[in-house]
Amino acid sequence: MGMFKTGDIVKVLIPNVVNTGYDYRLNAPADLGSFVRVSVMNRPYIGVVYGLGDSGRAPDKIKDTIDVFPEHLSIDDLTWIQKMSAWTLMTPGAVLRLIVNVPDAFSPPRMDQLYVYNPDVKSRMTDARERVADAFSSNDNDAMSASDIQNIAHVSGAVVRGMIDRGILTPTTMRPRDSDAFQYEYHDMGNVELNAEQSAAAAQIGDAISRGGFSAYLLDGITGSGKTQVYFDSAWRAYSRGASVLLMMPEIALTAQFMSRYASRFGAPPVVWHSNLTSARRREIWRGVLRGKIRMVVGTRSALFLPWQNLGLVVVDEEHDGSYKQEDMGNYHARDMAVLRAKISGFPIVLASATPSAETLQNVADGKYIRLKLTSRFGGATLPTIKTIDMRENRPTQYTLPTDSDDAQPRAGYLSPPLCDAISNTLNASQQVMLFINRRGFAPIVQCKKCGWVAQCPDCSVGMTYHKQMGKLLCHMCGRTSPMPEHCPSCGDTVSCRGAGLEKIAEEVSVKFPNARTALVSSDTIMSRQALERLVGKMESGDIDIVIGTQILAKGHHFPNLTLVGVVDADMGLFGTDFRAAEHTFQQLFQVAGRAGRGAIPGTVLMQTYQPDNPVLNAICNGDRDAFMASDMSARRTAKMPPYGQLIAIVVEADKEQTLRRVCADMSARAPIANGVKIMGPIAAQIYQIRNWYRMRFLVAGDARAMLQPVVSRWLSGVRIPANVRIKIDVNPQNFM
């Protein structure tokens, strides 16, 4: 018998944003947390029993549940939903939607027509077809439905139909497999020997796992120090005691190198949860975790919301990474919500990083987290030498495209003579070079020098970037493309491209180093993990001399023959409008520098800058992270910025400017006055228009002890929000756009 019997009226929480629970009459016994199928406005939902019914509605007006399932969330999970809702100001239903995110989790498997990829059929491999091949490869060559192929490979229905017609995709009738497909047996293969530092860190975490109860560790180790093997050791200790384990990492760090390291340590591949899985695979993993058959998962931030049974350890790798902050379906920080979950359920959590966030370092200083340091590179590799190149004294030389090109005019270069000399010396020594520039495309600004016209997206208040390979302008906010104008639409003069993007650096490299084999890496050129792995394979086998990339290359990859890293524009992130600009620039450049000299040959990092005395760049050159963070934290303490204060951003969006102004004026008039709380705004958001919605921002600030959430909650409950207005609440925002 369950806690509630057939006929009892209970509150059921529905996974949608407007919901705090509806009353239903049970058609079978249920417990607190039981999954149930119900109907809302004739639409079926999977919800959870959240408590006793309290609507006070007449019994004959209360609907019955359709199904009560034997599976359920634990009381700890329900507490976590409640506390996460109170902290983020998302409704409990919006938090549940993050957990119940597999619509057919409780349905019998659908009989879609499935297809398999046939590599033996000889046909021209276009980019789109290559992406389809990659989609099958990323899902272990399982059969897929046509819609899955389209969604995962990002191709049109016409591409899929064409491949079916040519026999490249062949039909098969097979049910999606159930979660038994993931019955991997893990073992400690005993093939890794930890050094003294690693052993000491692993032993401390191991003691905490044996003891039980909440504890938080910062695994603070320089790049290449072997943090992964320490948390693998911890994962094995928790797993072998019967607990479930989550290894959480940014999508960008889920590399083939990591997967093979995992398989060689545990004797079987990891179960991986990320954004590009088929619906059948998502269903398998979700059900497998719910039933306790899958107890170890490697995943991105959304893996935290799987229906875990007996969770006993969470590791958050690259804990400083911005991708742990979710900004689409509600705003939450997965690292912070993982710590909250560990506290509620009473188990250890490990945060790992070479460049920990200010918030985590402050928690160490306050004694809330225990720091475990790894100071030496594993396998005897040495840290690279890091230097700046003063661009005021080392102006780049011009270059001219080959005479057979359409445009043989001299062009401004972006690579300084000292960097070019270093590239030549590295290539002559048969070693590899990485050039880092965090701008996609060819040129960030397309402008008329006569009248000042700038190419802007008509739907978003941002400039469009010229992508030479596409031959088009692209908006990086909404994805709109438009032709590159031959003449200024305002005055008819010729337009020019200003600033350097990835493709422009590649053009300069092709002229100055014509014999070098180069590759470009950005989110525009690398559309799938398989495409990235192909490039990594070419780097490892020595088929690439110079790789030119954005931050995709900054994490997780180990290239023993990469000995020179050149940062084309080290100043780019230093002057953002965000108080975290210096911290983020430091983290990014430090991670990039960590790619150099990971093998037997020492590495060199050269950073081109017009500000060689900038404290961020000095700290990187001196390898003095702690001194830099101390000065950055001191400035934040003075300004009462996080972690010494709290911020909540409220973004108001409307499809008409008049409506937006009216709602913001109403909100201003009702703004609460509370001790230690300051409300700023409304001001136009830095990007005022996105996809034809207009945006204004309020910022609520308070000291570290102020409880801002109840203040904001009371304030917004008194404001009438029209249907064509969206309010987004972001607690401790990372993005100020």
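Visitor: Why is the pair R25 and D64 called a salt bridge?
Guide: In this predicted model, the closest N and O atoms of R25 and D64 are 3.0 Å apart. The cut-off is within 4 Å, for a nitrogen of Lys or Arg and a carboxyl oxygen of Asp or Glu, so the pair counts.

Visitor: What makes it a link between distant parts of the chain?
Guide: R25 sits in strand β2, while D64 is in the loop between β4 and β5, and 39 residues separate them.

Visitor: Is R25 buried, exposed or partly exposed, and how do you know?
Guide: R25 has a relative accessible area of 21%. Buried means under 20% and exposed means over 50%, so R25 is partly exposed.

Visitor: Why is E359 called buried?
Guide: Its relative accessibility is 17%, and buried means under 20%, so E359 counts as buried. R580, at 1%, is buried as well.

Visitor: How do you know that D626 and K373 form a salt bridge?
Guide: Their side chains meet at 3.7 Å, N to O, and the limit is 4 Å, so they pass. D626 is in helix α17 and K373 in strand β17, 253 residues apart.

Key
Residues numbered from 1 in each chain as written. Predicted model: local features only at pLDDT ≥ 70, side-chain atom pairs only at ≥ 80, totals over all residues. Heavy atoms only, no water. Helix = DSSP H or I, 4+ residues; strand = E, 2+ residues; numbered from the N terminus. Buried < 20%, exposed > 50% of the residue type's maximum accessible area, 1.4 Å probe, protein only.
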